[in-house]
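Here are my notes on the model, point by point. Please read them with the structure open.

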Amino acid sequence: MVELTLFVIFGLAAVFGAVSMVWARNPVYSALGLMLTMLSIAVFYVSNGGYFVAVVQVIIYAGAVMTLFLFVIMLIGVDKSEERTERLPVQRPLALGLLALFAAGVLWAGRLVWVTGAPAGVVPVDGSIEAIGTELFRKWVLPFEVTALLLIIAAAGAVALALFREDGGDE
Amino acid sequence: MSGERAPMTFPILSVIIALPVAGALVVAAIRRKELVLPVAVASSLVTLGAAVWMLVDFQVGEAGFQFVEQATWYQPWGVGWHLGVDGISLLLVVLTAFLFPIALAASTAITRRVREYAMAMLLLEAGILGVFLCLDLLVFFVFWEAMLVPMYFIIGVWGGERRVHAAVKFFLFTAFGSALMFAGILALGFLGGEGGPTFDFVRLLDADLSRTAQFWLFGAFGLSFAIKVPIFPFHTWLPDAHVEAPTAGSVILAGILLKLGAYGLIRFCLSLFPEASVSLVPVLAVLAVIGIVYGAIVAIVQTDVKRLVAYSSVSHLGFVVLGIFALTSQGLQGGVLQMVNHGLTTGALFLLVGMIYERRHTREIGQFGGLGAVMPRYAGIFLFVAFASIGLPGLNGFIGEFFVLIGSYLSLPWYAVVAALGVVLAAVYLLWAYQRMFTGPITLEENRGLRDLGVRETLILVPIIVLILFLGIYPKPALDRIQPSVDSVLQRIEQTTDYRVPDFGTGMAGYEVVP
Amino acid sequence: MTVTPGWYMALSAVLFVIGLSGILLRRNALVMFMSVELMLNAVNLTFVAAGRELLSIDGQVSVFFVMVVAAAEVVVGLAIIVAVFRRRKTASVDELAELRG
Amino acid sequence: MTGTLVSLAILLPLGGSVVLLFAGKRLPEPLAGVIATLTVAGAFGCAAVAAVDFLTGAGEALTVRWFDWMPAFGVDASLGWDRLSALMTLVVTGVGALIHLYSIGYMKGDARFGRFFTYLNLFIASMLILVLADNFAMLFVGWELVGLCSYLLISFWFERETAAAAGKKAFIVNRVGDVGFIVALMVVFAHFGSFRFDTVFESAPEVLTTGTATAIGLLLLVGAAGKSAQLPLYVWLPDAMEGPTPVSALIHAATMVTAGVYMVARTGAIFGMAPIAAGTVAVVGAATALYAATIAVAQTDIKRVLAYSTISQLGYMFMGVGAAAYVAGVFHLMTHSFFKALLFLGAGSVIHGMHGEQDMAKMGGLRRKMPATFATMTIAWLAISGIPPLAGFWSKDEILGTVFERGGAWTVLWGVGLLTALLTAFYMTRMMWLTFFGEPRWDDGVHPHESPAVMTIPLLALAGLSVVGGLVNTPFRTTLEHFLDPVFDAVRLAHVPTGSTAVALAGASVIAALIGIGLAALRYRDRVPDETGFAWRLMGRGYYVDDVYGQVFARSGKLAAAWLAFRFDARGIDGAVEGMGALTRKTGGWLRPIQTGFVRTSAAGVVLGAVALLGWFLWRGGL
């Protein structure tokens, strides 16, 4: 019963955040909308047994990533409202058409039996940090190391982009 | 067919292929520009020496492959370095080694990037020799493609005005064909081998392929060779390639490259796919005869002398194909010999056209007139080679044509009769061209002051003239070397199909299928 | 009326489609970027729901990996946007149309 | 011994031509000619010595094997020396030597004096290969080589466009005939498995059916018609008069054109088995004889009169060998080569005297200026008209007699032959009158003079032969008949008439000749009648046959070739190939606008991909 109410409240919050993100005129509002969605998803993680993941979501995603976004928005200048001219005439109808198709596809898939599955009253999965940790270092150790490498490369890339501006940089 | 001689201690065939490559390296290393051509000519002469040494050492009566060298590289696939030469490829190898020094010696007009030019020519020679000598299908394909690249550059870089167009066209045509062939080689390799796949020609000979497999493989190989020969519908690249190629390029292109297709037809299509070959004889005979008559007729009205000689090659190669698919001993011998003859006569014709081009920088027949009085020696040699090409008895062209025509009568009677018309048409287009260029009063002022053939130019032509006369008067040595291998191909066809080679003297027109 | 993992998946589908529309309809590079993040979160949710459904921890481990990748992506993405912005003074995607056919 | 002599007969002129080819330019003027004449005379000597034992009745045929030429066909370069080839060799080298001697004078001062004799010697060698061949392949070699020499000699003065064109025309028309010859060779080899004359002729009756024999015969006829300028392949001979006159005498009168007759005679065994083929040969011969005689009547150029006369006389020979009267045919071949060579050389000396003038309208009254030429040509004129006891009478009469003797339809041919004899007498007398009698109609500045001794000696020699030549085979003493017996006894179907019919026939042909001469004498005695009427122009232009050939074969042939080359090949096949290239580029062009460069279009592309993938999974997963 608790799970139902949680689902309803935060489901709506997530959707509202998402819509506001897409719809907002000002990028800051869209950032905030996204943050709301992320937090509600964190709640869902908890309700689904992913405690560690929920915490990580909140700290990293909602925290670090969104702040980074806000930082960049501030850097670029929050008042840049987009000009209304739509360069690509075909884009809007095409997009709507594709979205409709995609949504229909997903709904159609939703009808398949395995998704609706048996209702899981109690939460069988133990998403504690030990479980994830042991799993991480037993079955998933290779991907784990590779992601380490990935992060280093990403960091180096970002630094390179920042430093090696063409010498004719306009500052 | 598997009567190979014991492997020679001294790998002469590998040396023959390696020499031009070595020559190319040496040429690359030379600093002084003017030394490049002489060294190139020298290295191709050394190759000629090796080829002649092999020719002398070749056992005449033997049908199987000689000087066989075998080294397996990758056992699971049966891929290896397997070389061998028999009656069919022997004369072509010697022809290649013979024409290259001459072509290089005639390349003095090339001034731009002579070093790369000499290297391209020498690598081309190595590629061609590889194709003729190689008995492993994969390595054969490697040489087949390797040969394409230098030729592309020779036409594309040192050619005439529309050289890039011609070079691209030449490359696409051949590449398209060889793509098909590569698929064929792979299919054949995997279909043919007992146990693991094998690409060794000699072992593939014993593979019993189903009829339909043979048809498809014949199609794949045959199309690639048909483009190369060229057989009728696939010939349009030839005139462009010839017109735009430099003199030496044309000599090699017409003299040897066209023979690769015909050689392939004999070596691979006839030997490996006998059933398909026998049932496809009418198709190829028709295309061959069309090629003979069509090539000649179109040659008559050409205004560009090189284009005329190119179409004449289509006609002559039509004879070769007719000889091959007559499936009689005389026909096949004629086909093989005509390949060599055509190499000599057309090579000489292109050399001559190159020489006049160096003087007048035009190939339009209309630009010449009355050269006979101005350049008597040039006119004399031109006429001599023209008559060799027409097939005048006493010169080499006649022997080839005679063998093909008489040889193909029994198995392809009406085709042979129509092909005989080619004899008249050959006289028409060559003599009419000769008349427009050499007889009559001198019409243009520029023609008046032209100097006759220099010593260098004459020395280039003399060896060809001597060979033309020798092969025309006494072809026996050449024919004795071709006959055993050709007969063994025919025996192989008789063993594996119901086809019986018609024996002359019984008067049975057409080949009868003995149950 | 108990909440089944299917519900969560339906929700994440909705979120995914919204994120998709964000990319297709908006011209601001940042918003498009955020939409991508949203879609990733939707996928994470599906992972977790599926993990619960199939009684395996792997769902959450994949979420973990998705996050790592997303982080790397954000780092580089934002660096690009900032670099582009410094050169072109605009964040609108349509300005950058040089890669024409 | 005879073997080496026979080989020498060929090698001498061949060697001569090779020597002259390289040393020709450097030798002083007459020396080249002398060397050439000596080689041919030497060849004549060898042949004569080799033929001596045939005369004593002891000799028998032998073959001289040089080397193995084409192993796969069992053909080796070998010569066959029998009575027929001996006779032909003697005629070729004998007349050839005289013409060589004559040429030294005629070609005096020519820029390429040496080159001329190179070709002349090469021709003699080739003709001897043809005549002495002992298998079809060698015969074909000689056949083509004489064609080559005729090409080289006709277009000797190649600066003249017409000469070059005439040479090319001769070679190509000959080549058309050679196609028939090659196909005949194919059939022969297919049925006999060998080209050797002896094997083929001995086993002919068993191997050949009449059908195949007829086929071979007709094909050989095509080859012979090409070489001996019979209908329909005669058009090249009148144009061949562009060549120097000795060439016309040697090649287009005495030797090369007779090759066709010799070939039919040699292959008598095959024609014997194919009456239809033999009949066709005779009919073609008779038709050509009459046809050419009518054209000769209206020619104004002295050499063209003789050219058409040669075609006509060759028609006679074809009629003879066609009617299986081989000896008569060969006999006429021999005598004809004497007086026709004489006529041509005489005409040459007239032209030489008139400084190149060939049009009879500008001649007349030359008998006083050129007595020797006049006298010798008179003998030849009477000989060709068939006035006894000269050579022409005996040989022509024998042909007509034998043909008449065959009875049945052959008598029609005899009638045609008789009419042609009358026409021959007429146009020859016309020629003599227009050139030697009547008022001189020379252009001003032209004062004819007699030719030098080196030219008149051969004329006298040939005149002697024209007189004596006929006695070799008269009805009273048929020496030639016996001489050639071993060659022809197996195939002889016709025999010379004897007794009263012979005399009657002889009388008829003499009367025909006299009528012809009389008519011409009356017509041209005092004035040159105007001959520009339609009939005259028609005959003069050879019934415009040559022009029709030109239109049908040359011009329309070129048009067809042009269409084939520039429309079908260049645009059709090549167009298809280039078209494929252009097609790929065009389709490339259509796809280009899709790459707009906007990021969001690419994003849409990604989504499109996603949707497609989703759809596929659903479809595969079973909706």
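1. Domain bounds here come from an automatic or database domain assignment. On that basis, chain A is divided into domain 1 (1-78) and domain 2 (125-171). Keep in mind that this is a predicted model.

2. How far apart do the two domains of chain A sit? The C-alpha centres of domain 1 and domain 2 of chain A are 22 Å apart. Their contact draws five residues from domain 1 of chain A and six residues from domain 2 of chain A. On the domain 1 side, three of the residues are nonpolar and two are polar, with no charged residues.

3. Chain A also touches chain D. Each partner is counted: eleven residues come from chain A and eleven residues from chain D. The chain A side of this contact holds eight nonpolar, two polar and one charged residues.

4. Next, the cores. The largest nonpolar core has 437 residues. Those that touch the most other members are B:Met121, B:Val321, B:Leu322, B:Tyr429, D:Phe123, D:Met186 and D:Ala341. Helix 6 (residues 161-192) of chain D gives the most to this core, contributing 20 residues.

5. D:Ala341 deserves a look. What does it contact beyond its neighbours within four places in sequence? The partners are D:Val95, D:Ile99, D:Ala249, D:Ala253, D:Ala254 and D:Leu462.

6. Another core, of 72 residues, lies apart from the largest one. Its members include A:Phe10 and A:Ala42 from chain A, and C:Leu40 and C:Leu45 from chain C. As background, nonpolar side chains tend to be buried together in soluble globular proteins.

Methods:
Residues are numbered from 1 along each chain as its sequence is written. Chains are lettered from A and ligands numbered from 1 in the order in which they are written. This is a predicted model: local features need pLDDT of at least 70, side-chain atom pairs count only at pLDDT 80 or more; totals for chains, interfaces and linings use all residues. Two residues are in contact if their C-beta atoms, placed from the backbone, lie within 7 Å. Ala, Val, Leu, Ile, Met, Phe, Trp, Tyr, Cys and Pro count as nonpolar, Asp, Glu, Lys and Arg as charged, and the others, Gly among them, as polar. A nonpolar core is a set of buried Ala, Val, Leu, Ile, Met, Phe, Trp, Tyr and Cys residues joined through C-beta atoms within 7 Å. A residue is buried if 20 or more other C-beta atoms lie within 10 Å of its own, exposed if 12 or fewer, and partly exposed in between; C-beta atoms are placed from the backbone. Helices (H or I, at least four residues) and strands (E, at least two) are DSSP runs, numbered from the N terminus.
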